[in-house]
Each structure stands twice: as structure tokens, then as C-alpha cells.
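The structure is shown here before the conversation begins.

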Amino acid sequence: MKIRNMLAFMLLVSLAACARHPSEVFRDPNMDFGAIQTILVMPFANQTREQTAADRVRDVFITKLLATGAVYVPPVGEVKRGITRAGINDPTAPSAEEVKSVAGIVKADAVITGAVKEYGDVRAASATSTMIAISMQLMETQTGRVVWAASSTKGGITFADRLFGGGGEPMNVITEKAVDDIIDKLFK
């Protein structure tokens, strides 16, 4: 009886470990995403020790978003000019009024903000690897409310890294994977 209970417990733990995480996406069902033609990408918040992480991720995100051909993304300089003209003190966390203002100046249908939460090397005992964690929000410009939000984490220490050592994939590779994941979630 004890062995059967132990096996049942181990099976339950195994199934729980394999279970899918709940969706990491919020999508406003009342928003007409097909009407969005121009998306302004604000500077991302950097919550990492790597000083250039947010700029690197934003650059990859803008390039990949433009590559979809689905929307236009104004150049970074145009966005910076709009932020200055709108008088936004913290462009990484604009208020609803600031979103409406900068979108009116730059002529955008939506505004994306984001945060880079993890970027770079991670360690666990003797194993090291690379990791990225990002989150983004899309705000419509009529009211400034969030109509879509998603996050993605890529990289990290794998079983193979622990067993054989290794440094994981290059940062540009996992950055592109995380950004691709976010863009897939945006266009789902």
C-alpha cells in the first residue's frame, strides 16, 4: 500500500512539473487590433545590471516588428522628439495622458512600453548560462488604456548545463527568441 501511494505521489509530482504554465498574455476582447497601423515603441525600463540591456532589446524588438510588415514603427529619433515635445519625464512608464499626447505628436495608433527584467549570465552552483526575461504592454491611444500585455523568458540553466557545464546560447540568440515569442503573442 505504501509503495502504491508513493508511486501515485511521484506520478502526481511529475505531471505537475510537466503542466503548461497559464497563458502569459492579456488581450482586451473589445479592441480591434486590425485597425492598428502605426505602433510607437517607447524606451524600455531596464531592471538589470547590464546598462545597455533595454536599448539592445528595444532595437531587436523594433527591427523584428517592422520585419513582420504588419505595422509601421516610427524611428527612434522621431519617438525621442515626441517624448520631448510631450514633456514626458519617465518615458519607460508614461501615464495615460502622456500616451495620448505623444501618440498625437508622432501620429501613432498604439504605444508599446516594456521592461527588461533579466539579461545576461545566471549562475547556479558551478553551472552558468544566459537568460532574458522581458514584458511588454500595448496601449491604445484614444484612452491610453492597456489592451494587450505579454511576457517571455528564454535561456537559463538547463539540465545539460548542470551536467556538462557550458555557458548557454549567445545573448543575441536568446534575445531574438524572446522577442519572437512576444511578437507571436501580439499577433495571435
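Student: Which residues have the most contacts inside the largest nonpolar core?

Tutor: Since this is a predicted model, the answer describes computed contacts. The largest nonpolar core has 31 residues, and the elements that give two or more residues to this core include helix 2 (53-67), strand 5 (127-140) and helix 6 (171-186). Inside this core, the residues with the most contacts are Ile39, Phe61, Leu65 and Ile134.

Student: With which residues is Phe61 in contact, leaving aside its neighbours within four places in sequence?

Tutor: Phe61 belongs to the residues with the most contacts inside the largest nonpolar core. Once its neighbours within four places in sequence are left aside, the residues in contact with Phe61 are Val41, Phe44, Ile112, Met136, Val179, Ile182 and Ile183.

Student: Where do the buried residues of helix 4 fall, seen down the axis of the helix?

Tutor: Helix 4, which covers residues 96-106, has Val99, Val102, Ala103 and Val106 as buried residues. These buried residues pack against strand 2, helix 3 (76-86), strand 4 and strand 5. Seen down the axis of helix 4, its buried residues fall within an arc of 100°, and so they line one face of the helix.

Student: Which residue follows helix 4, with a phi that is positive?

Tutor: Helix 4 consists of residues 96-106. The residue that comes after this helix has a positive phi, near 65°, and is Lys107.

Student: How far apart in the chain are Lys64 and Asp180, which form a salt bridge?

Tutor: The closest N and O atoms of Lys64 and Asp180 are 3.3 Å apart. Lys64 counts as partly exposed at 24% relative accessibility, and Asp180 also counts as partly exposed, at 31%. The pair links distant parts of the chain, with Lys64 in helix 2 and Asp180 in helix 6, and their separation is 116 residues.

Student: Why are Glu78 and Arg81 separated by about one helical turn, and what is the distance between their closest N and O atoms?

Tutor: Glu78 and Arg81 are three residues apart in helix 3, and therefore about one helical turn separates them. Glu78 is partly exposed, with a relative accessible area of 29%, while Arg81 counts as partly exposed at 33% relative accessibility. They form a salt bridge in which the closest N and O atoms are apart by 2.3 Å.

Definitions and conventions: Residues are numbered from 1 along each chain as its sequence is written. This is a predicted model: local features need pLDDT of at least 70, side-chain atom pairs count only at pLDDT 80 or more; totals for chains, interfaces and linings use all residues. Side-chain values use heavy atoms; hydrogens and water are left out. A nonpolar core is a set of buried Ala, Val, Leu, Ile, Met, Phe, Trp, Tyr and Cys residues joined through side-chain atoms within 4.5 Å. Buried means under 20% relative accessible area, exposed over 50%, partly exposed in between (1.4 Å probe, protein chains only). Helices (H or I, at least four residues) and strands (E, at least two) are DSSP runs, numbered from the N terminus. Contact means heavy atoms within 4.5 Å. The arc is that of the directions from the helix axis to the C-beta atoms. A salt bridge is a side-chain nitrogen of Lys or Arg within 4 Å of a carboxyl oxygen of Asp or Glu.
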